[in-house]
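Please work through the following exercises with the sequence and the model at hand. Each task is followed by a solution in steps.

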Amino acid sequence: DLASNQVLAERDADAPADPASLTKLMTAYLVFNAIRDKKLTLEQTLPVSVRAWSQRKGGGSLMFIDPKMTPKVDELLKGLIVQSGNDAAIALAEGVAGSVEAFVEMMNRQAQAWGLKNTQFKNVEGLSEAGHQMSARDTATIASKIILEHPTFYPYYSVRQYAFNNIKQDNRNMLLGRDPAVDGMKTGYTDAAGYCLVASAQRDFPNGKRRLISVVM
C-alpha cells in the first residue's frame, strides 16, 4: 500500500534475485531526475552510439535505433518503458552520464542512498551479469519512488502501444488491458530471471483512492 507504506503480503522479499528488465525502473528514475534538474529536455535529441546499436546482438528487447538516427529523449523514454528497449537504456544512460559505466555508478549511489541492501547494478538494461541483483522489496521501493516523485512521468507506464521507426510494439504488461485500475509498471524476462512483473493499480474506496504495488520475481 503506497500511502501507508505497509506490506500486505510477502515471501522472500529480501532475497537478491536476477531482476532482468525490472532494472530499467532505476534507469528511468535517474532519467526523470535529469529532466527535472534541467540536465535534459524531452524534446532534446540524443546520439545513438555503436554500443547502443550493438544491443541487437544481445537477443533482448529493442526499440530498433541505429547510429544514423537522432531520437528525442521522449521517444527514447517510450522505447525504454513501453518497448523495454535495451538500446534505449544505453542511449539514455550515455545521454545523462556520458557513459554507461558512469550511469551504473549513479544507479548504485541512488540505491545506497535509499538503503537498498539487496540491490547492486552492473548494467542499465538488466541482462544477466554476475552480481547484478535486486530484491522484491527493493524493487517495490524504486517503483514507489517513481510514482511519488515523478507523477508527471508515471503515465508513460500505462502507454499500451508505441511505434518507433514504423515498428509497432505492445506494452508487455498484459494487466494494462485486463484491469482498468492497473496503470503500470514493468515486466522482465531472461532465462536466468524467468518472468518478472511489477504491477501497480489505483482504485477508489469510500475514504479515497488507494494504490497498491505488487512485485513478482
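Predicted model: local features only at pLDDT ≥ 70, side-chain atom pairs only at ≥ 80, totals over all residues.

**Exercise 1. The largest pocket**

Describe the volume and the lining of the largest pocket.

Solution. 
- Step 1. The space in the largest pocket amounts to about 710 Å³.
- Step 2. Its lining comprises 24 residues, and those closest to the centre are Val7, Ala9, Ala140, Ile213 and Val215.
- Step 3. Two elements give two or more residues to this lining, namely α6 (136-149) and β5 (208-216).
- Step 4. Sorted by class, the lining of the largest pocket holds 14 nonpolar, five polar and five charged residues.

**Exercise 2. The second largest pocket**

Which element gives the most to the lining of the second largest pocket, and how do the lining residues divide by class?

Solution. 
- Step 1. The volume of the second largest pocket is about 240 Å³.
- Step 2. Of the 17 residues that line the second largest pocket, Ser21, Ser61, Gly188, Tyr189 and Thr190 lie nearest its centre.
- Step 3. β3 (182-190) and β4 (194-205) are the elements that give two or more residues to this lining. The most comes from β3, with four residues.
- Step 4. The division by class is four nonpolar, ten polar and three charged residues.

**Exercise 3. The cavity**

How many cavities of 30 Å³ or more does the structure hold, and which residues line the largest cavity?

Solution. 
- Step 1. The structure holds one cavity of 30 Å³ or more.
- Step 2. The largest cavity contains about 50 Å³ of space.
- Step 3. The residues lining the largest cavity are Ile81, Val82, Gln83, Ser84, Asn171, Arg172, Asn173, Met185, Lys186 and Thr187.
- Step 4. β3 supplies the largest share of this lining, three residues.
- Step 5. In terms of class, three of the lining residues are nonpolar, five polar and two charged.

**Exercise 4. Valine 48**

Is valine 48 buried or exposed, and which residues does valine 48 touch?

Solution. 
- Step 1. Valine 48 is placed in the loop between α1 (24-36) and α2 (50-53).
- Step 2. The cut-off for a buried residue is a relative accessible area under 20%. Valine 48 has 7% relative accessibility and therefore counts as buried.
- Step 3. Leaving aside residues up to four places away in sequence, valine 48 touches Trp53, Ile65, Asp66, Pro67, Met69 and Pro71.
- Step 4. Although valine 48 and alanine 91 are 43 residues apart in sequence, their C-alpha atoms are 5.8 Å apart in space.

How values were computed. Residues numbered from 1 in each chain as written. Heavy atoms only, no water. 1 Å grid on protein atoms, 1.4 Å probe; cavity = no way out; pocket = protein on both sides within 12 Å on 5 of 7 lines; lining within 4 Å. Points joined across faces, edges and corners; volume = space filled by probe spheres on them. Nonpolar A, V, L, I, M, F, W, Y, C, P; charged D, E, K, R; others polar. Buried < 20%, exposed > 50% of the residue type's maximum accessible area, 1.4 Å probe, protein only. Contact = heavy atoms within 4.5 Å.
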